[in-house]
Amino acid sequence: MRSLLRRFALAALIAPAAVGVSMVASPAEAAPATAQAQSVQAQTVQADVVRLTNARRTAGGCSAVTVNAQLTAAAVGHSTWMARTGTFSHTGSAGSTFVVRAKAAGFARPSSENIAWGYRSATDLVNAWMKSPGHRANILNCKSRTVGVGVAYAANGAPYYTQVFGY
């Protein structure tokens, strides 16, 4: 049953409606073995997610979002917490929400959050998000102007992803 639940490990949260959506997640292939390799891989994947998100946004008539360091810090922190605890949820450490995490990182106007677990590549991840109505709505919200993306690897190599948008 736990394996089945992990396969349904993709959810979206749209503020302020707080609507969650699930999709099937692919199991991760082996992640880089060293912390340094994981850090380099995470930075590459984060940049790829932003690039692919912006491609989808511009194709959908929205302007590209710019990377925001505060939202990135909030996203990395949440992905790290999920990877460390094995918890897959929009509710984070001490019951935090993406709004609380973004504001704690210094960003005043967060708009939405996408999370995912287990995807092997940024392309697979963004393609899956675009097939989900909630994730797609977050990505194609033309009112969002900024983004932060975080990727962290669990001890077993599984990647956890967080994407936070802001106004």
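Helix α2 covers residues 35–59, and at 1.5 Å a residue its 25 residues should span 36 Å, which agrees with the 36 Å between its end C-alpha atoms. The expected span is 1.5 Å times one less than the number of residues. Helices (H or I, at least four residues) and strands (E, at least two) are DSSP runs, numbered from the N terminus. Before going further, please note that this is a predicted model, in which local features need pLDDT of at least 70 and side-chain atom pairs count only at pLDDT 80 or more, while totals for chains, interfaces and linings use all residues. Residues are numbered from 1 along each chain as its sequence is written, and side-chain values use heavy atoms, leaving out hydrogens and water.

After α2 comes G61, with a positive phi near 90 degrees.

Next comes the disulfide (a pair of cysteine sulfur atoms within 2.5 Å). The structure holds one, joining C62 to C142 with an S to S distance of 1.9 Å. The torsion about this S-S bond is about -75 degrees, so the disulfide is left-handed. Distant parts of the chain are linked here: C62 lies in the loop between α2 and β3, and C142, 80 residues apart from it, in the loop between α6 and β5. At a relative accessible area of 6%, C62 is buried, whereas C142 is partly exposed at 33%.

The loop between α6 and β5 also holds L140, which counts as partly exposed at 22% relative accessibility. Leaving aside neighbours within four places in sequence, L140 is in contact (heavy atoms within 4.5 Å) with R56, R57, G60, C62 and M130.

Our last stop is β6. Eight of its eight residues are buried, so β6 is largely enclosed by the rest of the structure. Two strands pair if DSSP finds at least two bridges between them. Strand β4 (residues 110–117) runs antiparallel to β6 and is joined to it by seven bridges, with E113 opposite V164. β5 and β6 also pair in the antiparallel sense, over eight bridges, and here V149 stands opposite Q163. These two strands, β5 and β6, form a hairpin with five residues between them, and G157 in the turn has a positive phi of about 95 degrees.

Technical notes
Buried < 20%, exposed > 50% of the residue type's maximum accessible area, 1.4 Å probe, protein only.
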